[in-house]
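Reader: I would like to learn how to read a chain interface, a domain contact and a sheet. Could we take these features in turn?

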Amino acid sequence: MSRRPALHAFTVQRLGASVLITTAVAALAAPFVAPHETDRRFPGLLNAPPTAVRLRDAAGSWRAPFIYPWTRVSQLEQRYEEDRTSPVPLAWLATGRLVASSDDGRAPLLLLGADSFGRDVFSRLLFGARLSLALALLAALGATLIGALLGGVAGYVGGVVDDVMMRASDFVLVLPAMYVALVLRAMMPLTLDAPAVFALLAAIFAVVGSPFIARGVRAIVRTERALDYAAAAASLGAGHARVLCRHLLPAARGFLVVEITLLVPAFIVAEATLSYVGLGFPDTIASWGTMLEDASNIAAFADFPWLLSPAAAMFLVVWGLNLTLQNRSAGAQYERLM
Amino acid sequence: MLFFLLRRLVFAGFLVFAVSSASLLLAELAPGDYVTGTLGFSATPEEMAALRARYGLDRPLAEQYVDWLARAARFDFGRSLANGRPVADLISEAAANTALLATTALVLATFIGLPLGVFSGARAGGVLPGMVRAASVFLLSMPPLLTSLFLVFLAARTGWFPIGGMSSIGPGGPGGNMESFEYVAIDLLRHMVVPVLALALPLSAMFERLQAQATAEVIAQPYVLATLARGVPRSRVVWRDALKAALRPVASIYGLVVGTLLSGSFAVEVITTWPGLGSLMLNALRARDVYLVAGCAAAGSIFLAAGTLVSDAALALVDPRARE
Amino acid sequence: MVASVRTEPQSFNWYTQHDGTTDVLTFLTQARLVRVNRVTQEIEPWLAERWTRADDGRSYTVKLRANVTFADGHPFSADDVLFSFAAAYDPKGGGPTIGGDVMAGGQPLRVSAPDPLTVVITFPVPFAPGLRLLDNLPILPKHKLEAALQAGTFADAWSLSTPVSEITGLGPFVLTDFRPGQRLVFSRNDRYFRKDSSGVPLPYLDRVVVDIVPDQNGQVLRLETGQADMMTSEARPEDYAALKRAADRGRVQLVDLGGALDADSFWINLKPGAFGADPRATWLQRDELRQAISFGVDRKAFADTVFLGAGVPVYGPVTPANRKWFSSAVPQTPYDPARAEALLAGIGLTDGNGDGMLEDARGVAARFSLTTQKGQTALERGAQVLRDELKKIGLAVDIVALEGNAAVARFVSGQGYEAAYFHIGMTDVDPALQTEYWLSAGGFHVWNLGQKTPATAWERQIDELMARQTAALDEGERKRTFDEVQKIFAEHLPVVHFAAPRIFMAASSRVMGLTPAVQRPQFLWSPDSLWVRP
């Protein structure tokens, strides 16, 4: 075999990693990069389209980056037009932000437009990334740990233990989650702070997500158990835990990687679903899930497509995750063989 | 084998019992009930009390539960509080509608997702596999609500397919001259396109991803490399020898997929107005229609148990070592 | 013609189920003795041809139309009216039967039938709205339902499992097909009693199909593409742009009905002791706090943001859409943040530490939680704008968005919430039919419901005025008394209103004969004169 696949895998993996790193940096640097706070409303600019950063003015001459303010043509239809008569220059590194409009009150810099509250979608996207990605990744990790452990034990021990554990995971799956959340909500104080919600959601997601993982891991462990090497390890006197963790679970690595990339987007969306029963973050905090939920109407497709930008961002992250993780396991095997 | 099936049956029965009981209990613990939901503010406390009495919601939880259990044991699952129809009727009607979608989507997803997965997993590089992967990731990272809404929007804009529902009103109209069988069948198929796609697209993407990963791993195994080195054609190795071993992950979660598909998808059924189990359950959950919720949860657990059995059978088929 | 509704009906019997779709179904298939014209908000003769009022003002002699038959051919007579009243007052009904809607002062009316075409109705107490009450009572066929009433199973009669052929009525249409979860099909009732002015028998339409479309996006798309002819309820503000474009292309007619009858309501839990030993109890239930909140919100900006421009400022529970009972004499609080801050200072809330937010004398932050319903865009948006506006006058608000049932459970019990922002809808425009809201003992007196004795002097005053208002027979006096009630309300502001949505209705441009009204169902309250341009 040639070395080409490995090399290729390497570059693809770098691409994936750079997507992820860029997102992470942008999210971490949100207070610096984002032109606005997440809850800043521009009441005259509901659903305003993105402001284009321009270099040439109406007269055709070149100048420093500037934007045109939006003027509202129809309030009910939320149609806007650029006011070409008064270009507004951008202010760099002023007031602790990378870039903002020099006249924020009249002509805010809305790189991805405004939502139906008149809030800057781009800034919310950056701040939302912190919350949504941290929550989804943590929950996915938790689900993987729980699922791998349960699935591993069930597959390794087999018999009644296996049956009981798998039925328990079925139970978690078919239980009406909405009522569980409602009951949990009723037991908590009226106002919830963000860290409490974060911890609670991460725990719920980890538990609800784990059956999917457990199911696959169990199948893999079960077949691997029968293989020679596991039997050999066992006969050499390795403890059960050691056989399971060192020899059997690694075989499920590829499966786990795919499952993580499935769970992350599902959790990002589920955060908005749980906010329906009151288990949501305070609305001043932006999250991709709630942004997408707000965009779930035909107006977003037909008239305000920039509201869908969290979906695009989610795709980028999941794709990056997929490229990075997946090729690492496959790539590692290629390299080992070469 | 018989013992194995019997054990499964006992466990499935226990699951159904546990899930429906837990649903009833949770519904009772959750704040508000069916009466606060339908009457809200507009009623006097006396009217609320009267309505609770009419539905028997004023009795202690234990009594309601024992009563429900006794009737459930005779296969009487109570009536929906919202519209008074028997829960069993409502569920069987909706389940038939959902099953139609679910099986079509499952078949479609299997026949699209698995071959694509083998294809993109067998070659690590290349533009085409990269595109397949990107498309899958794209579909998987879209919220189901947006996918359904977008397909409905597309159907509306192009006018190719009906926007929702299961049937259109024929020219003669119901009650008038009956439409021919062909008309009804074609009409149903046309209505199925959007919801089936909304279900099948993300599903095939999931199958593709799992299958691609497994295929890549199997192909990197020494024994496959050895087979290749012996001069066996690559395509034959990939499609015959590696495929079987690589089916394991997909086969293992197939049961879950079958179970959840048959229980109906909230997003797809509500957006495409498909009168299935998903929208039935969602309405019941929101209205606190307790017996209907318990019934839907029970149906869901039966589907899941059945799906698991299918899954285990499939697993045993692709990998004899997994057999008991 | 194809219309769309959001939910399946809960029953075919309006007497036992009061959901929106059953309402639509009742308008299509049933008729009343008198009808409230939803456009003029006045009553007009319907199955009753004419009536006279006795001198005591409590008893009415009602002459019924002759030669009216039910859709199944059975003749209609005073017996059916007596039967309908009996069914409405059925003690075995259980729950919110229609009974309460046709009672005066909590007591049933006495009804007798001296001959088959005459009914004498006697009110137990002087009751100003009079026969207006009969709009709440669709006349049911005795020959179909008597057995159920006698067997005590009337509450379950005409459920969704009943074959549609059993459902009959005096309305313009007959239910001919019901597919659960999908649609209801109504055909023309050839025996309907009304004719148009030129003598053509009504209704004009041969068939009305009501599709059940749970998702509002789907409803709009169906209308845009011509797969439906109307939505039975109003469009959301976010649908306006799409519908306007369809209107510009000539596909859809968009009707602006002006501000709605109801405005979303803000109130603070005024149940005595609701805040227990909480140090904020000293100022949370003070009138001045609500007055300050009313002065501190720019209602125009509120309406523009919350309803995306499709809203009108509103100052009290009776909005200008209620033409008869709205009064311009009731004081309206202007936007005046300085006044708001002065009022707050008056109850000891000042910015002691210079952080821009207020504290009370002991340094406890002026902060409270606002419970609203999750999933209702207008409510969530309203709560958020409210929070931002109140922050400007130094009040901190924490929004708690709960699932609808959970929120209502808290409001009804009067426990577990501090302030609320919620939609409360009145069922009738006439104040005498809204006593549950106005009277301190009422179950709908949201800020402190079901009081044994009035908790405050002004609530006692409103109770007395409302008792007079309900009994007075002189319309001028009723109006004056109710204006007085509204003035007291505006002074103490137990509920603060900010804006009402403008109601936009959309129908395909081929539907003619529309008589839209602000009350639901805006189009289908008068289905017999609709027709469709070929």
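Reader: How many residues of chain A are in contact with chain C, and how many of chain C take part?

Author: This is a predicted model, in which local features need pLDDT of at least 70 and side-chain atom pairs count only at pLDDT 80 or more, while totals for chains, interfaces and linings use all residues. Residues are numbered from 1 along each chain as its sequence is written, and chains are lettered from A and ligands numbered from 1 in the order in which they are written. Two residues are in contact if their C-beta atoms, placed from the backbone, lie within 7 Å; here 25 residues of chain A meet 28 residues of chain C. On the side of chain A that touches chain C, α5 (177-186) and α11 (298-302) of chain A are the elements that give two or more residues, and α11(A) gives the most, with three. Helices (H or I, at least four residues) and strands (E, at least two) are DSSP runs, numbered from the N terminus.

Reader: Where do the domains of chain C lie, and what separates their centres?

Author: Domain bounds come from an automatic or database domain assignment, which for chain C gives domain 1 (10-169) and domain 2 (264-501). Their centres, taken over C-alpha atoms, are 36 Å apart, and the contact takes eight residues from domain 1 of chain C and eleven from domain 2 of chain C.

Reader: Why is one side of β1 and of β6 of chain A left without a neighbour in the sheet?

Author: Two strands pair if DSSP finds at least two bridges between them, and the open sheet of chain A has four antiparallel strands in the order β1-β2-β5-β6. β1 (54-56) and β6 (99-101) of chain A stand at the edges with a single partner strand each, so one side of each has no neighbour in the sheet.
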